[in-house]
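Good morning, and thank you for coming. I would ask you to look at the sequence and the structure together as I speak.

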Amino acid sequence: MYEDLKYWYLRDHKLFWTLSMSQIKQLCIITGFKKAKKGEIIYFSSSDVPRIFLLKKGNIKIVAVDEEGNETIKDIIQKGDLFGELTLENDKQSNEYAKVLSDDVVICSFLMSDFEDLLLKNPSLALSYTKFVGLKMKRIKNNYSNLFSKDAKTRLILFLKDWAEREGKTEGNKIELDNYLTQNDIAQIICTSRQTATLLLNELEEKNLIYYNRKQIIIDDISKL
């Protein structure tokens, strides 16, 4: 049963569209399959067995930890995203981990060594992977740039707009988001205190720009945010 699930999960992902049916079946052999629950930690960058992960269901946060133990959310992983050792280098100097945000997730994973072999045998896949990772790194770089050049309120608005674009359910200018982030998560994403994030969310709500609760965020008119 798991083999069938892995086959459909992989075939459905645009990264593997260039592979034939037999190649995907071979890929299933080297692919791990895991289900996880909210709060579970999936991955540490310091692992001795580096892996690349593909998220098929749910949401995960990538948390970076500095030398003083302070945590910042580096990225929010959504359905179809890759995470792990994406540069195909096991950087033990970095200190980050992946933690499940939603009630349950489904993940496929590959040993980095196996995935490297796969790329060497399939140049078209290697090209697709390079583009995929390049776009992801560009987005993360833009996020870091915003952290240094924008004030906290602007960072929050930019984050909400990006989240809405990626996951929002749109009806005209109105956008609804399933909220799987705590206020502390949002504070870590925009690099501010929880208190500041709460004040900013309340300010946006008082101005009728958003409606916020633990399960949902509604942006009444994205053009006014």
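Let me begin with a definition: a residue is called buried under 20% relative accessible area, exposed over 50%, and partly exposed in between, with a 1.4 Å probe and protein chains only. By that rule N208 is exposed, with a relative accessible area of 63%.

A word on the source. This is a predicted model, in which local features need pLDDT of at least 70 and side-chain atom pairs count only at pLDDT 80 or more, while totals for chains, interfaces and linings use all residues. Residues are numbered from 1 along each chain as its sequence is written, and side-chain values use heavy atoms, with hydrogens and water left out.

Helices (H or I, at least four residues) and strands (E, at least two) are DSSP runs, numbered from the N terminus.

I turn to the open sheet. In what order do its four strands lie? The order is β1-β8-β3-β6, and the pairing is antiparallel; two strands are said to pair if DSSP finds at least two bridges between them. At the edges stand β1 (31-37) and β6 (82-84), each with a single partner strand, so one side of each has no neighbour in the sheet. On average, neighbouring strands here are turned by 30° against each other, direction ignored. For such angles, axes are lines fitted to C-alpha atoms, for helices over the stretch in contact, and angles run from 0 to 180 degrees between N-to-C directions.

Let us cross the sheet strand by strand. β1 is joined to β8 by seven bridges, and K37 has D104 of β8 as its bridge partner. Six bridges then join β8 to β3, where I52 stands opposite F110 of β8. Finally, β3 (residues 51-57) is joined to β6 by three bridges, with F53 partnered by F83.

Is β8 largely enclosed or largely open? It is largely enclosed by the rest of the structure, because six of its eight residues are buried. Helix α3 (residues 112-121) lies across β3 and β8 (104-111), and runs at about 70° to β8.

At 8% relative accessibility, K56 counts as buried. Leaving aside neighbours within four places in sequence, K56 is in contact (heavy atoms within 4.5 Å) with Y9, D12, K79, V106 and C108.

A further strand pair is β4 and β5, antiparallel over six bridges, in which V63 has I73 of β5 as its bridge partner. Five residues lie between the strands of this hairpin, and G69 takes a positive phi near 90° there.

Next, helix α7. Why does its length agree with expectation? The expected span of a helix is 1.5 Å times one less than its number of residues. For the 13 residues of α7 (residues 194-206) that should be 18 Å, and the end C-alpha atoms are 18 Å apart, which agrees.

Within α7, the residues A197, T198, L200, L201 and L204 are buried. They cover an arc of only 165° around the axis, which puts them on the same side of α7; the arc is that of the directions from the helix axis to the C-beta atoms. An α-helix has 3.6 residues a turn, so residues three or four places apart point the same way. The face turned away from the buried side carries the exposed residues Q195, L199 and E206. The buried residues of α7 pack against α5 (152-167), α6 (183-189) and β11 (210-212).

C191, in the loop between α6 and α7, has a phi near 55° without being a glycine; C191 is partly exposed, with a relative accessible area of 38%. N208, in the loop between α7 and β11, has a positive phi of about 60° and is likewise not a glycine. Most residues other than glycine have a negative phi.

I close with the cores. A nonpolar core is a set of buried Ala, Val, Leu, Ile, Met, Phe, Trp, Tyr and Cys residues joined through side-chain atoms within 4.5 Å. The largest has 29 residues, and L160 and L181 have the most contacts inside it. Among the elements giving two or more residues to this core are β4, β5, α6 and α7, while α5 gives the largest share, seven residues. Leaving aside neighbours within four places in sequence, L160 is in contact with L204, I210, I217, I219 and L225. Apart from this core lies another, of 23 residues, among them V106, F115, L118 and L119.
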